[in-house]
Structure formats: structure tokens, C-alpha cells
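Hello,

Here is the structure we talked about passing on. Please look it over, then read my notes below.

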Amino acid sequence: MTTTTDHGLAGHSPRLSEGLPETSPNRRRFSWNFAIRIVLLLIAAALTLGPVLWTLSTSLRSPSESFKLPPSFFPWNPDFTSYGEVFQQLNIFLLVLNSALVTGLIAVGQMVSAAMAGYAFAHLKFRGRGALFSIVLATMMVPVQVTIVPVFMLIRGMGLSDTLLALILPAIPTAFGTFLMRQYFMGLPAELAEAASIDGASPWRTFRSVYAPLAMPGMAIVGILAFNFHWNEFFRPLILTISEQNFTLPLGLVSLQGNLGTGSISVVLAGVVLSMIPALVVFMFGQRALQDGLTAGTGK
Amino acid sequence: MSTTTRRLAGESGKRQSGKRAVGETTTPDANAPAQHQPTAKSRQSQRWLAWIFLAPTILGMGLFTLIPIVASVVLAFFHWDIISAPTFVGFDNFSEVVQDPTVRVSFLNTILFVVVAVALQLGLALALAIMVQEKMPAWLRVFFRSAFFFPLILSAASVSIFMRYLFNEQFGVVNWFLSLVGIPAVPWLTTPGGSAAVVIFVYVWQNFGFSFLLFIGGLASIPVETYEAASIDGATGWRKHLYVTLPLLSPTTLVASVMAIISALQVFDQPYVLTRGGPGDSTRTAVMVIFESAFQRLEFGQASAIGVLLTLIIMAITAAQFRLSKRFVFYQ
């Protein structure tokens with residue numbers, strides 16, 4: 001598995017017996033390939049991380065210096081003026097509160113409702129289970145932009161226009177989360193339910209004390225995915241909120257850039273950096289879960 | 001990329017929870033077999049619990065997804081501006097929309113965008129995935145994978161905000177780098193070609209990591225023996241990838257391309273923040289026209305008609321891809 005064994009001769013006796021001038025013992029050529037590959041990958045990584053580093057570093061320049069060239073990619077002597085300034089220009093606390101409230105409630109709502117529905121589809125028997133599950137799956141294919149006009153009307157009709165609930169309620173039923181939780185529950189042995197019923201546990205009790213505790217990791221994936229998506233969401237808040245007191249972070253930042261034009265980049269970027277912090281935390285602690293969740297259902 | 005579109009590939013492991021055929025004899029209790037047969041009462045309580053558990057999801061989806069889908073289709077045949085009562089206009093919305101030059105340009109832009117952005121996204125993701133999966137120290141691989149995944153966790157709006165500064169004509173970093181090699185300042189966001197290039201770049205920058213993840217998963221599932229067999233047959237370097245990797249990776253490529261296309265067809269955040277569709281209509285997309293006709297011009301019927309057209313295009317492309325896949329996708 002390691003590079004050293006690859007160059008060791010021990011494992012290659014069949015090839016050597018053929019007497020061909022194989023490439024693998026040729027150390028020099030291999031390392032050239034390796035070097036080119038690493039350089040290309042490093043360029044790609046620099047292009048990916050460079051803009052983010054520039055954003056961080058520029059937010060830490062003083063507003064008057066922020067648009068000066070050459071650009072800065074590392075904050076050697078950080079200046080926090082812009083961070084003070086962005087709090088004056090923008091009601092950051094309110095934006096963060098709104099975003100956290102919307103995102104948090106959607107995440108919790110999705111975790112609970114998806115776990116319940118997923119469990120019903122996986123372990124409870126009722127008529128029409130297959131058909132209902134197909135309908136749930138089919139709704140995954142409908143883009144949000146197509147349903148947004150009727151949803152907007154519906155929200156108006158419910159008297160919820162321009163409230164945070166308008167963002168939260170429609171986002172709670174989740175087809176993908178339900179699908180994910182169903183798969184998760186199916187991965188847990190059915191014997192557990194049998195054992196519980198032998199012990200005289202009701203179906204509710206079986207779920208509550210046996211399956212739900214075991215399903216926490218799956219629920220965490222649903223929650224992290226919901227958090228990542230809705231924290232960054234722009235399209236629905238743009239349509240469903242009107243007054244600034246109901247804006248979420250992305251909306252507030254875009255309107256700040258609009259208001260400031262190109263006046264002081266560092267102030268806008270300070271806001272952008274602040275908005276990235278929760279995503280960064282998720283990235284550091286939940287990367288694995290996020291990757292698993294994003295690619296779930298695409299495998300073979 | 002919107003979450004709804006990522007998930008089409010549907011059900012993977014359709015595992016049956018199954019009835020237990022063996023192992024019953026291990027139960028020491030003599031009464032056990034009798035209790036195993038679910039009683040009528042227990043079956044009924046299961047049914048009750050199922051409906052209670054399903055209620056939030058089913059009612060929510062009915063209200064916020066199924067009814068809106070139907071309403072959207074119905075609304076496409078009405079003229080409605082919220083203020084006055086809706087009037088039935090038959091196919092008028094569709095014929096107006098199809099003849100509207102802005103709508104036409106936007107759909108054309110969207111299709112061009114999809115072709116270029118998806119090709120770049122998949123090509124880049126595949127090349128990088130192959131390079132990352134070959135031999136290298138584990139920590140370096142973790143670094144590259146994290147780096148390519150990172151943009152996915154950012155909001156498209158925030159990314160577009162800082163990219164707008166990076167591509168600024170006078171003080172943008174991109175033009176500064178170009179000036180180092182003697183290229184005069186490019187008016188990125190004020191010319192049609194420049195804006196289109198920037199929108200494509202920003203979109204691909206943020207989304208290639210998702211296809212990359214899918215390809216990494218696909219590559220990991222190719223058995224090592226196939227490569228060993230290929231190298232015994234004399235295949236090396238890129239030939240190995242052409243004759244072994246690509247055919248064996250084709251199921252992943254299908255899923256990755258379907259997802260990338262559906263998501264790209266719905267592009268909105270990047271052009272909205274970067275260019276507002278301009279200059280002129282040069283970066284206006286299908287979803288931007290839906291947004292504008294509904295929420296700026298209050299033409300809800302027309303907006304629905306455009307939405308219905310977009311959905312039909314998405315469905316047609318998906319169906320076509322799965323049909324084509326029968327010929328080109330190689331399943332082991």
C-alpha cells in the first residue's frame with residue numbers, strides 16, 4: 001500500500017520473470033509523473049482556496065487600503081476596523097439571529113419529521129406504503145423555482161407573508177431526508193423490533209426506546225445537510241421576505257454590497273467572513289457526514 | 001446547487017428488512033412462536049403509529065409541494081396579477097412567452113450555460129479525482145479532497161459577492177494578475193462575453209467539488225485487479241484510464257452528469273448577484289425570468305408558464321440521458 005513496498009522487488013516476481021523492462025522499478029520516471037500530478041493538483045487547490053484567503057485577508061485590511069493593489073492573501077498585520085464598521089452598516093445581530101432561527105428550526109424540524117416518516121416506511125406495515133414512498137421520492141425532482149409562485153400565494157393566504165415562518169414551514173417536509181432515514185432504519189436489524197415485541201413493547205415504545213437512539217447518526221446527517229443548505233439559501237428568502245428585519249444573512253450581505261457599491265470592499269468582505277463561520281464549523285466537524293449525505297443515493 | 005436537484009438518483013440499496021426465517025429455534029421460551037405472529041391488535045397499532053409518523057411529512061408535502069405543482073400548471077393558463085381576479089386565457093401565456101425576445105434569449109443563455117459549465121465541471125472533476133486517487137501520502141490526499149470540497153459549503157450569494165470584487169475591471173485581483181504578464185485590463189462584468197465567462201467560472205468554481213466527490217466514490221469502487229490485469233496487458237498511464245477507468249466509471253458519470261445538468265438549468269444566485277442578468281440580457285437565465293415576471297412584473301400566469309416549460313425541459317433531458325445511457329453506460 002505504501003510507496004516503499006511498490007518499489008520493493010519482492011512483490012513483483014511474476015513480472016520480473018517475464019524479463020520485460022517494466023516501468024515500476026524505474027524510480028526516476030515515476031517521480032516525474034508524481035511531481036507533475038502534485039503540481040497540477042496544487043494549482044487547482046490554490047485556485048480553489050485563493051479567493052477565500054483573499055476574502056479573509058482583505059477583510060482584515062483597513063477600509064481605505066482594501067482596494068489597493070497588489071492584493072493581499074495573508075493577513076500579516078490584521079486591522080479590525082472593517083469588522084466594527086460592518087456592525088454599524090448592517091444589523092448583523094439580527095441577521096445572524098434570523099438565519100440561526102430559520103436554519104435551526106428547519107434542521108430540527110427535518111430531523112424529527114424525516115426520522116418519523118423514514119421509520120414508518122422502513123419498519124411499520126400499512127397499506128399503500130410502496131405507492132406513498134414513490135410519491136415522496138418523485139417530489140425530489142421538482143425544482144423549487146417551479147413551485148415558488150403558488151407557495152408564495154399560499155403563504156399570503158395563511159397570513160404569513162414577510163415572516164420567518166414563511167421560510168421555515170415549507171422547508172420542513174423533506175423528501176431526501178425521509179429517503180435517507182428510511183435507508184438508515186433499514187440498515188438496523190429487524191430482529192430488534194421482534195425482540196422488543198416479545199418483551200411486550202408497543203410499536204411506539206419500540207421506536208422510542210430501541211430504534212430512535214440508534215438512528216441519531218442518521219439524523220445528524222439530515223440535520224447537517226439541512227443546516228448547510230438553508231444557511232446559504234438565497235432564492236426563497238429573496239422572494240418570501242420583504243422587510244429588512246426579516247432578512248437572513250445572504251440577503252443582508254447582497255443588499256449591503258448593493259448599497260455600498262464599490263466603496264469599501266473590506267466592510268462587505270468582513271460580513272462575508274462572519275457569515276462563513278458557521279459553515280466553517282460544520283466543515284471542520286461534520287465534513288464526513290456532509291460528504292456521506294450529499295452523495296447518498298447516488299452510489300450503486 | 002440546490003439540494004432538491006442533487007438527489008435524483010433515487011433509491012440505491014433497496015434492502016428488505018425482511019421476515020426472519022432462521023434463528024427462531026434459538027428462542028428458549030416455549031410461548032415465543034405464538035407471540036411472534038403479530039396479533040390483530042398489534043397490526044392495528046402499527047398502522048396507527050405509521051399514519052401519525054407520516055402525518056407531518058405527508059401533509060407538509062401535500063400543502064407545499066403537490067398542491068403548488070398542480071396550481072402552477074393551472075395558473076399557467078390564467079392571467080393573474082394578484083390585484084384583479086384571475087381570467088382564463090388558454091394557451092396565451094405560452095404563446096406570449098415563446099415569442100417574448102427576453103424569454104427566448106434567457107432560455108438560449110441557459111442552454112449555452114449548461115453545456116459549457118457542465119462540460120467544464122465534469123471534465124475538471126474527473127481529471128482531479130483520477131489524480132487525487134493515485135498514489136500519494138495520505139495527508140496530502142486529505143488536503144486536496146478538503147480543498148476541492150470546501151467551496152460547496154459556502155453560500156452562492158457570498159461567493160458571488162467576493163468574486164464580483166475579484167473580477168472588477170480597475171482594482172480586481174484577476175486583472176492585476178493578468179497585468180503581471182502584460183495583458184491589458186479585461187472589462188469582465190461590463191461586456192456580454194466577459195460576464196458570461198465570469199458567471200460560468202464562479203458557478204464551476206463552487207460546484208465542481210460535488211462531481212469530484214461522486215467520481216472519487218466511483219473510482220474507489222473499481223476493483224484493483226482490473227488495473228493489474230490492464231498493466232499486465234501493457235496498458236500504462238493515460239491508456240489505462242481511457243480503456244479501464246472511463247468505461248468502468250460510466251455509471252457514476254451518468255449520475256454526475258444528470259445531477260450537474262439539472263442543477264445548472266436552475267442557475268440563479270450567481271447571475272443575480274454578479275450581473276443582475278446584464279449587460280443587456282446577456283446573462284439572464286430561465287429562473288431569473290421566472291423571478292422577474294412573477295415578483296417584479298406581477299405576471300404570475302406567465303411566470304408559471306415559464307416554470308412549466310423549464311420543468312418539461314428538465315424532464316425531457318433526464319429521460320434522454322437515461323435512454324442514451326442504455327447504449328453507453330457499462331455496468332459491471
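**Helix packing and the chain contact**

Helix 4 of chain A and helix 15 of chain A are roughly perpendicular to each other (the term covers angles of 65 to 115 degrees). Helix 4 (residues 81–89) and helix 15 (residues 265–295) of chain A pack at about 80°, with axes 8 Å apart. Helix 4 of chain A brings A:Ser82, A:Tyr83, A:Glu85, A:Val86 and A:Gln89 to the contact. Helix 15 of chain A brings A:Ser266, A:Val267, A:Ala270 and A:Gly271. Contact means C-beta atoms, placed from the backbone, within 7 Å.

This is a predicted model: local features need pLDDT of at least 70, side-chain atom pairs count only at pLDDT 80 or more, and totals for chains, interfaces and linings use all residues. Residues are numbered from 1 along each chain as its sequence is written, while chains are lettered from A and ligands numbered from 1 in the order in which they are written.

Next, helix 11 of chain A. A:Pro203, A:Thr206 and A:Phe207 are buried there (20 or more other C-beta atoms within 10 Å of a residue's own). Cover for the buried residues includes helix 5 and helix 10 of chain A, together with helix 3 of chain B.

Last, the chains. Their contact takes 85 residues from chain A and 92 from chain B. Helix 3 (residues 40–75) gives the most to chain B's side, with 22 residues.

Best wishes

How values were computed: Contact = placed C-beta atoms within 7 Å. Helix = DSSP H or I, 4+ residues; strand = E, 2+ residues; numbered from the N terminus. Buried ≥ 20, exposed ≤ 12 C-beta atoms within 10 Å, placed from the backbone. Axes fitted to C-alpha atoms, helices over the stretch in contact; angles between N-to-C directions. Parallel < 35°, antiparallel > 145°, perpendicular 65-115°, else oblique.
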